[in-house]
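Please report on the local geometry of this model.

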Amino acid sequence: MTPRNLLFTATSALALACAGGAQAETFRLGTNGDLYGLDPHSMTDSFTVSFLNHVYEALVRYDADLKIEPALATSWEQIDETTVRYTLREGIKFHDGQDFSAEDVVASVKRAAHEDSPIRGNIAGLVDAKMVDEMTVDLMLDGPNPLLNNFLTNVLIFDSSWLEEHDALDPIDAQKGEEGYTTSNANGTGPFRFESRTPDAQTVLTINSGWWDEPQHNLTRIELNPINSDATRVAAMLSGELDMIFPSPLQDAKRIESTDGMHVLEAPGLRAIMMGINMSDKSNNPNQDGNPLQKTEVRQALVHAISYDLLRDKIMRGKSRNLGGLVAPQVPGFDEGVDAIPAYDPELAKKMLADAGYPEGFSLNMNCPNDRYVNDAAICQALAAMFARVGVKADLTAETKAIHFERARANETDMFMLGWATLPMLDGYSVLSAMLHTPGGQMGTWNPGGYSNPEVDRLTEAVATELDAEKRHEMMVEAFRIADDEVAWLPLHAQPLSWAARDAVKIPQTADDKPRLWLARIE
Amino acid sequence: MFAFLIRRIIQAALVMLVVASIAFLMFRFLGDPISNLLPEDATVQDRTEMREKMGLNDPVLVQYGRFIVDAAQGDFGQSYRNNRPVSDLLAERFPATAELVLVAASLALALGIPLGIYTALNPRGWLSQGLQVISLLGISVPTFVTGILLILVFSVSLGWLPSFGRGTVVDLGWWTTGFLTVSGLKALILPAIMLALFQMTLIMRLVRAEMLEVLRADYIKFAKARGIPNRMLHFKYALKNTLIPVMTIFGLQLGGLIAFAIITETVFQWPGMGFLFIQAVNFTDVPVMAAYLVLVSFIFVVINTLVDLLYNVADPRLRAERTPARGV
């Protein structure tokens with residue numbers, strides 16, 4: 001790499017010239033992990049994709065309130081049940097100067113839906129893309145799909161001639177043992193262009209002064225500094241080496257707040273933390289015959305054994321939002337009624353357990369990750385203690401996520417922790433299809449406990465293809481209500497987002513935990 | 001000498017084979033790499049296809065055999081996480097670790113030996129007593145605590161030194177160096193101190209103990225009786241004999257420095273091999289982990305071989321065993 005000072009001087013000079021004398025603003029972002037690479041089609045890591053969204057764009061995007069708005073496409077219409085026509089925005093150029101056209105959309109959609117593509121699962125049902133004319137594209141689906149635009153926010157668009165030139169039209173095949181060109185190079189239409197990258201050290205973006213949209217930001221350069229260690233990341237923030245860190249550890253919030261010139265941004269996010277329940281015939285606990293959790297009455301009793309407020313105030317330091325249902329308020333499918341928090345009443349829980357035939361309580365295995373969610377292991381310890389008060393003995397195992405999820409998926413436990421943000425779909429259907437539908441085929445992929453209710457299945461399948469938004473919402477709420485009544489899962493809370501920034505930084509904190517720096521200003 | 005080297009090479013190959021097989025047995029308990037590669041809601045079918053494609057369905061022995069055959073040809077496979085060849089990743093990270101270890105080792109030697117000599121020659125001085133106490137702290141306080149304390153003092157409170165990263169590095173094509181820029185040198189200071197502290201105190205205590213031992217030896221007493229000046233006595237006769245065991249220990253510790261660098265690199269976000277390894281562990285990135293462990297075991301064997309060779313050079317008695325005695 002050439003000395004950075006030189007490059008920096010050159011780019012700032014260029015940016016200055018373009019911005020007509022505005023001050024050059026560098027945004028130094030500290031994160032808890034690096035990008036996996038620069039190819040948004042090569043992995044499903046949501047942070048990587050969201051950061052690459054500064055360089056690459058999609059046909060549609062979410063605004064700061066997580067509503068769909070036009071991006072590279074200006075409008076779309078449903079032509080028939082399985083075809084949607086997109087009209088593209090005129091006059092957009094890629095960073096290398098090539099014009100944006102329908103060919104690029106077709107090549108990118110085909111690349112994302114290719115059978116070797118790791119993100120194929122995120123756009124299930126998208127069969128093909130056809131060019132109608134220079135600025136119009138038809139997307140073919142295998143059936144009516146109300147969530148197509150939600151999916152498309154994640155299908156970032158490449159320049160087809162650039163892909164072709166670098167032999168990258170097909171997705172990177174990890175098994176070929178060679179490095180894909182797109183892993184270390186990028187060429188999009190976004191508000192920032194890729195400048196340089198040293199893995200695990202720094203990735204630099206500079207302003208794309210030819211961006212099609214009216215910039216709301218005043219940045220000229222973005223430096224992404226991954227700092228995995230929480231303590232070091234906070235120290236770098238406190239010492240003024242960074243403008244913003246994300247995530248900011250909950251336990252350091254006070255320290256940051258008490259420092260002049262910086263503050264913590266906190267809000268409950270989309271990710272719902274919940275406990276999955278084994279409903280098979282056999283408990284996985286060696287001291288327990290049969291499986292008490294199979295009885296709806298037993299599960300309903302356990303709900304009253306949990307003190308939601310205590311979990312929020314003591315374990316989550318008051319920063320989480322209690323959830324009575326399985327989705328956060330921002331997610332379509334949320335309903336106030338379903339969200340009502342059950343009363344904390346251990347005596348009632350004991351009585352209900354006795355009525356269900358377990359006056360002495362019972363034993364179960366509980367499994368938790370200890371490196372995946374905010375305070376995950378501590379939440380489970382508190383839960384186990386609360387269950388103990390009503391006579392239910394939970395044998396808790398907290399272990400690393402790679403093992404935890406494998407165990408949970410194989411139903412080797414009786415109760416396991418799972419967090420679900422519904423991303424990239426951002427819709428209640430994500431929960432219905434993956435976690436509540438009876439397992440089989442594409443459905444119930446995260447329903448290892450085996451919850452099954454024909455009415456929920458029917459509603460889920462109807463929701464999948466219903467294009468009328470209002471009807472669709474009602475069906476989702478109905479399905480969630482049934483699941484809530486039968487305690488298919490034990491919802492706990494919406495996990496808090498925690499960022500920290502200098503006071504000079506103005507940035508909307510979006511509930512999906514993805515900093516959008518094209519909406520950020522340094523004042 | 002030649003036979004000795006051949007023997008060492010065979011030993012090295014054996015050590016690396018054993019390390020690779022232990023590594024492979026361990027990886028089975030690290031979890032499923034697939035869970036990091038596919039989205040949370042991937043179907044069972046997607047998972048099975050992915051496993052099949054990556055060869056994870058084969059028995060461990062087959063996977064191990066494939067790894068050994070490829071590795072023997074210099075191919076360590078492709079990183080699951082980075083989508084890049086493992087050998088490229090390691091080559092890219094090696095300079096960062098090498099420079100850090102080099103500076104830390106020099107620091108440990110340059111400070112440890114003089115301090116050790118000083119405390120041995122003035123065992124009752126208040127400075128020596130003080131140094132002894134401090135060295136105890138250096139040995140017993142965990143290195144990540146020292147690292148975080150250093151950051152707190154020099155980055156957060158004083159604002160003198162950066163708390164993370166390597167600063168600006170200069171790319172020489174086959175090597176990236178932080179030695180040529182001010183920010184690169186500044187970034188080196190804290191991590192190097194953190195890494196060196198344990199070794200430094202160890203060397204200091206070792207030199208002190210050895211030196212005290214040697215100073216009690218008969219030949220020193222004779223030399224003293226013959227009126228050889230103290231300065232010559234201490235630095236020419238005593239020190240030389242002190243350094244032989246120190247050299248052995250230091251050689252072994254140098255491998256330890258590379259291993260300890262994992263913690264230092266994690267605390268300071270130092271983009272070296274150790275950091276790469278930690279990330280690979282978190283991601284269950286088996287090819288990177290296996291290659292790193294094999295490489296580190298190779299480095300250990302090389303360092304030990306070099307130390308043995310140096311030992312031969314430094315201690316005439318060892319040479320005498322093999323070559324017929326001359327004179328005397």
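A crossing of two helices is left-handed if the near helix is turned anticlockwise from the far one by less than a right angle, and right-handed if clockwise.

## Basis of the model

This is a predicted model: local features need pLDDT of at least 70, side-chain atom pairs count only at pLDDT 80 or more, and totals for chains, interfaces and linings use all residues. Residues are numbered from 1 along each chain as its sequence is written, while chains are lettered from A and ligands numbered from 1 in the order in which they are written.

Helices (H or I, at least four residues) and strands (E, at least two) are DSSP runs, numbered from the N terminus.

## Helix crossing in chain B

Helix α6 (residues 126-140) and helix α8 (residues 182-215) of chain B have axes that come within 8 Å. They cross at roughly 135 degrees. Axes here are lines fitted to C-alpha atoms, for helices over the stretch in contact, and angles run from 0 to 180 degrees between N-to-C directions. The angle therefore makes α6(B) oblique to α8(B). Angles under 35 degrees count as roughly parallel, over 145 as roughly antiparallel, 65 to 115 as roughly perpendicular and the rest as oblique. The crossing of α6(B) and α8(B) is left-handed.

From α6(B), the contact uses S135(B), G138(B) and I139(B). From α8(B), it uses L197(B), F198(B), M200(B), T201(B), L202(B), M204(B) and R205(B). Two residues are in contact if their C-beta atoms, placed from the backbone, lie within 7 Å. By class, the contact of α6(B) with α8(B) has six nonpolar, three polar and one charged residues. Ala, Val, Leu, Ile, Met, Phe, Trp, Tyr, Cys and Pro count as nonpolar, Asp, Glu, Lys and Arg as charged, and the others, Gly among them, as polar.

## Chain B overall

Chain B has 13 helices and two strands. Its C-alpha atoms fill a box of roughly 85 × 60 × 35 Å along the principal axes. Of the 328 residues in chain B, 37% are buried. A residue is buried if 20 or more other C-beta atoms lie within 10 Å of its own, exposed if 12 or fewer, and partly exposed in between, with C-beta atoms placed from the backbone. Take the contacts in chain B between residues at least 6 apart in sequence: 71% of them join residues at least 24 apart.

## A four-stranded sheet in chain A

An open sheet of four strands in chain A has the order β4-β5-β7-β6, with antiparallel pairing. Two strands pair if DSSP finds at least two bridges between them. β4 and β6 (126-133) of chain A stand at the edges, each with a single partner strand, so one side of each lacks a neighbour in the sheet. The twist averages 25 degrees from one strand to the next. Helix α3 (residues 102-113) of chain A packs on the sheet and touches β5, β6 and β7 of chain A. The direction of α3 makes about 170 degrees with that of β6(A).

Strand β5 (residues 83-88) of chain A has two faces. V84(A), Y86(A) and L88(A) form the covered one. T83(A), R85(A) and T87(A) form the uncovered one. In a regular strand the side chains alternate between the two faces of the sheet. Strand β4 (residues 73-80) of chain A pairs with β5(A) over six bridges, antiparallel. A73(A) stands opposite L88(A).

In strand β9 (residues 202-207) of chain A, six of the six residues are buried. Six bridges join β9(A) to strand β8 (residues 192-198) of chain A, antiparallel. T198(A) stands opposite Q202(A). β9(A) also pairs with strand β10 (residues 221-226) of chain A over four bridges, again antiparallel. The bridge partner of T203(A) in β10(A) is L224(A).

The hairpin of β8(A) and β9(A) has three residues between its strands. There, D200(A) has a positive phi of about 65 degrees although it is not a glycine. D200(A) is buried, with 28 other C-beta atoms within 10 Å.

T422(A), also not a glycine, has a positive phi near 65 degrees. T422(A) lies in the loop between β16 (415-420) and α15 (429-436) of chain A. T422(A) is buried, with 25 other C-beta atoms within 10 Å.

The peptide bond from F246(A) to P247(A) is cis, with omega near -5 degrees. P247(A) sits in the loop between β11 (244-246) and α8 (253-257) of chain A.
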